[in-house]
Amino acid sequence: MNINLTNQKITDLGVCVLIPTYNNDRTLKQVIDGILQFTQHIIIINDGSTDNTVQILKGYSQLQHIHIEKNKGKGNALRMGFKHAETLGYHFAITIDSDGQHFPEDIPAFVDELEKSDNKNILLIGARNMSQKNVPKKSSFGNKFSNFWFWAETGIKLQDTQSGFRLYPLKALKKLKFYTSKFEFEIEVIVKSAWSGVDVKNIPVRVLYDETERVSHFRPFKDFTRISILNTWFVILTLIYIKPRNFFRKLKKKGFKRFFKEDLFGTQDAASKKALSIALGLFIGLSPFWGFHTALVIFLALIFKLNKTIAFVFSNISIPPFIPFILYTSSKMGQYLLGVELEYTREEMIENFEVLKHLKTYIVGSFSLAIITATSLGVLSYFLFLILDKKVVLNNG
């Protein structure tokens, strides 16, 4: 390990190290001393500590200090640190917890990864080995739980989403709005970064769980509840806004013809998976779940591991120009199945949606139309995809 080279890289890339700390006087000094081997570009955020933290920091007057009078949470401390780092002209910030679980010797791994990356709009999270013997089961479970929700919200699979050992791109963070101030901030920041186009990745780091030295301020009930509420909101936002937004952005960027060729029919998914995705989209789009079509189709596509893009596209069969005709057909089918006859014309429905007065008839007809259409077009598309896939194989051969 070339310490001088790492120090120079840190300076050249505009990197600083942030240490948020709250009542970790037993481990704080060794963490600072470990980081000082590589750089003096250090900002320490004292989040209202009531132990010997202030006295310890007096011995590091050459470093940047931020003192918060009353403890307000790790998220607030990090946000203050990011803002201060940017005012000092830094472009990136490596964050490291002061509880001694991280090894400052892993700092060069972050710097090297940043240096070699063509895309500097990157957020790196240190991936700990959560399967080693001394890792508490609750920490391992919590990490797996967090990883799952991050994947559901962003489509990105990571090994570790809870590690506090990270590298943040400060310019990218400045463009985002954050609302949390405690432990859940570390979830908010990576999800919103991923949504904004930041490349969120893991790099391997070591971890030490020494329960005799380590002081954790995580409150299992309160903080887990906060994180759960945040994840619930992010999942809802993903289904009703992020996924549709990404779809329309991709459609606009590629153009309609290229999008259909590459993303719908050019995908490497099996013919059965593509056909089932079409069937799911049509079924949901024709079903009477108005206002929930997008959320439902993406949720079910995730659950059944189908092609989300294809399912979403075909769920949009219920767009305004087709709605009156779908309502009319659903009502007529419901009348046939229930053996009733209602008097109104298609023109009357287009003007005032008269079908809503006969909800039972509409719902029965709507589900019947959805099942018949999804089944018939799903089967038809399956054979169509089989033919197209065979042609591609023959052309490539």
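View 1. Trp 151 is partly exposed at 25% relative accessibility, a class that runs between buried (under 20% relative accessible area) and exposed (over 50%), with a 1.4 Å probe and protein chains only. Phe 148, at 44%, is also partly exposed. The model is predicted, so local features need pLDDT of at least 70 and side-chain atom pairs count only at pLDDT 80 or more, while totals for chains, interfaces and linings use all residues. Residues are numbered from 1 along each chain as its sequence is written, and side-chain values use heavy atoms, with hydrogens and water left out. Phe 148 and Trp 151 stand three residues apart in helix α6, and are therefore separated by about one helical turn; helices here are DSSP runs of H or I with at least four residues, and strands are runs of E with at least two, numbered from the N terminus.

**View 2. The aromatic pair of Trp 195 and Phe 234.** The ring centres of Trp 195 and Phe 234 lie 5.1 Å apart with planes at 75 degrees, so the pair is edge-to-face; rings of Phe, Tyr and Trp (its six-membered ring) pair if their centres lie within 6.5 Å, with planes under 30 degrees apart counted as stacked, over 60 as edge-to-face and the rest as tilted. Because Trp 195 belongs to helix α8 and Phe 234 to helix α9, the pair ties together parts 39 residues apart in sequence. Trp 195 is buried at 11% relative accessible area, and Phe 234 is buried at 2%.

**View 3. An aromatic cluster.** Phe 82, Tyr 168, Phe 178 and Phe 185 together make up one aromatic cluster.
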